[in-house]
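Colleague: Could you take me through some of the terms used for this model, setting each value against its definition?

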Amino acid sequence: MSEAIISGAIEELESFLVESDKGYLAKTVINELRMMLDYLRFKNSGKRRRMLNHLVADFAEIAQYSADLTRKADQTSLYNEMGIVLDWLRRSKKRMTEFGVGEGVSRLQDVGEKGDRVSVVGLEKDMEQLIGKVILNEEAALVSSCIKGMLGVGKTTLARQVYNHPAIVGKFKQRAWVTISSDTSVHEVLVELIQQLVVLDGDSLLVEKMDNRSLRQMLRQHLQGMSCFIVVDNLLAEMRLESFLLGLAQIGNGSRLLLTSRYKIERINIGYIHEMKALNPDKSWQLFLKTIDKFTGVENKFSKELERKGREMLKKCWGLPVAIINVGRHKVKQRLSGIEWEQLFDSIDLRESLKILEPMYRNLDETLKACFLLMSLFKENAIMREEKLDHVWNIRGINVGRSCTYRLVSESIFEVVHEFPFVREVKRCHMNPLLHMLSVKKAEEELGFEILRSGNSRLSRSSRIPCHRVIHCGRDKLIHSKNQDKHLVSLVFHGGGRYLDDAGEAYWKSFELLDILDMEDFGVKTLSETIGTLISLRYLGLRNNYTQEIPHSLGGLKRLEVLDIALNFMVEVPDIIKEMGSLRHLYMSDVICREPLKVDALQKLETLTCIPIYDWTYEFSSLEKMSRLRKLGIEEIDENSDVIKLFGSLFKLNRLEHLTLRGFRFRSMPCLDQIGVLDRLATLKLDGRLAKLPSAGDFPQRIRYLILVNTCLGEDPMPELENLPSLERLKLRNAYTGREMVIQHNGFPKLKVLRINELWNLRKIQVGEGAMWKLEQLEIKNCTHLVKFKIGSMKRLRKLRMVTTKHMAAKIRNSSSISRIIEVDISP
């Protein structure tokens, strides 16, 4: 039947080609479908044929969909959708030609047999959120939720606990579990769901011969009027279940769908995404104990000293359950061979755990693989800035047009620490150190990467001539080999010490091809003029050091694209910036400039943070030519600063979207009422004392993210801010000195995130009816006198975090209004 559908679709597409002048993609789809029919002639029998038939049914659905598109009147829309179909077709073809790598689908009992041997620890809060506040809520419509997290973090374990929970078993008489593998087809999922949820009359094998549309119709008909609970475990990003889920949503009746995936599923409307976190040290130790008790068959008890050693050992698992369980099993095998626990706790072997994580790396596309390998250059367990990641990847030739950071977050390789208000942007992120270990291992094998330690002891040695090197410095002097230095393109220093104080002219001249040099957080005080001989250098990272003066020779770095000298207090910058014609990103703060920097000569500049206002308002001759500048920071603004002249100059920057204005020490900034002329701004940060905010009408109307820091306003800022039409995120830190904050009826119509911190005098927050109705996240910290606050009508609030007094914490916990909030974190 599937083959007949494909043949019929090809005929329709060929008829369409005769009449259409936009048939290139349709012709490509026809060729792909014909190749599939040819492939089917060689299919084998038995189980292989049965698995293949499932995948062929998916192709038949694509063919049907393609033929249906030809009947659309809008030819432009057809052309765009045909491109989507072609991508869908090729992904399905890849699964078909590679099938057999996975295991098809499996039911819960199959997973359960494996799962019975898995220890469960630390999921109580996760289960409370999912069961009590998501699955068992009173919503009549379909509620879809997803457990998301990195490989091995316990997604399936949590889903299994939810599926078998007595409250779920009692609530839903119809339940089904399907686990996806790399070659699972949509057809196979539909067949499996019908076999679990529908009482079939006759031969169940007849169901397998039905096409996908007929299966969906059967499922909808049999589930009409019922409420069911379905788990789809390990859902892949490319798997297209939309039409099935749409049908399930139409049924309603309180049905619930729970997905687990390490991917962000973007084509499905997910009501709640539950991000799995690594275990804390106490939970890690408990999981380790349960694992070894299970495999030794006895309860193991340890002295305080042995427990201390065991906990220290487990730190290297970084809270990842699959690693802890794997280490526990390995230690049990060694213990049963006669080795004492005291000796076993002296070391840990994570090679097997890294092997478990390797499929994650293999499944990345080539772009993300290249990004992942370069994570070896960063510190273990570091909080990483997206902008720095993008710079390093760009310089190494990786196209990050669509944010690779966001894509790595979407695939649960990065964890968001600080998100950005705009789609596909992440401000700060973190990678589990076990994944960092894997990036080091793969970089050694594939990238020519090595790690050196001071004292000339290699931590690791690449199998190639080194092209990328990380140096961990201590107090010992590092002896380097010049004949290897000349091949390096990346050199990164971690740690500290005085090694670079002894680095002479010959040292820097030995790096002939170096294009990335990063010494962030290294404690550098003095830089050699010889660094200016690194003529290939494109990235120079000197952030957060003790550097007092930037060498004049840096003006000779004509290829330099990124210069980061921020957080070097009172660093002197000579008049050399104007000579760096390739510079695209310049990060500074608290700089001393004997002469104006004349940054208007840098016509490729995209980022400039932060420059003193007196340098910026210098009589520029070619400001309008800085047409690429998107992000700008101005500092040292005081009551004498000419902000009208400043805003007039900024108005000429056609692409400026992000602006930071920072006051000078404890002086007040002047009136900012003219800032509204900067109508292209999306992000605005005001850092420094302000007598009064501009009125809502005088703010840039496209502002989506506003940050007020240390403004110490005497008047409540909310009456003005609540009327900003586009505002989605608001952060207030030491921004207001008053006692009462009032948000009026229907105020903040688009606000999604509100963070309030260090409003030391605040006693009352009053929220009017219908205000902040879109608010999803609320954070209130260090408002020690706050005694009155009602959440009110914020129906969409999903995350509430408060750091407050014991009295206020108890009051909020006992409030009935927080019972519907899924994630609540109140301390103490």
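Modeller: Let us begin with Asp-390, which is buried (under 20% relative accessible area, with a 1.4 Å probe and protein chains only) and yet has no salt bridge. This is a predicted model, in which local features need pLDDT of at least 70 and side-chain atom pairs count only at pLDDT 80 or more, while totals for chains, interfaces and linings use all residues. Residues are numbered from 1 along each chain as its sequence is written, and side-chain values use heavy atoms, with hydrogens and water left out.

Colleague: How do you know that Asp-390 has no salt bridge?

Modeller: A salt bridge needs a side-chain nitrogen of Lys or Arg within 4 Å of a carboxyl oxygen of Asp or Glu, whereas the nearest side chain of opposite charge to Asp-390, that of Arg-630, is 8.6 Å away.

Colleague: Why does Arg-755 count as partly exposed?

Modeller: Its relative accessibility is 22%, and partly exposed is the class between buried and exposed, the latter being over 50%, so Arg-755 belongs to that class.

Colleague: What makes helix α17 roughly perpendicular to helix α21?

Modeller: Helix α17 (residues 351-362) and helix α21 (residues 433-446) pack at an angle of about 75 degrees, with their axes 10 Å apart. Angles of 65 to 115 degrees count as roughly perpendicular, and therefore α17 is described in that way relative to α21. By class, their contact (heavy atoms within 4.5 Å) has eight nonpolar, no polar and four charged residues.

Methods
Axes fitted to C-alpha atoms, helices over the stretch in contact; angles between N-to-C directions. Helix = DSSP H or I, 4+ residues; strand = E, 2+ residues; numbered from the N terminus. Parallel < 35°, antiparallel > 145°, perpendicular 65-115°, else oblique. Nonpolar A, V, L, I, M, F, W, Y, C, P; charged D, E, K, R; others polar. Lys, Arg positive; Asp, Glu negative; His and termini not counted.
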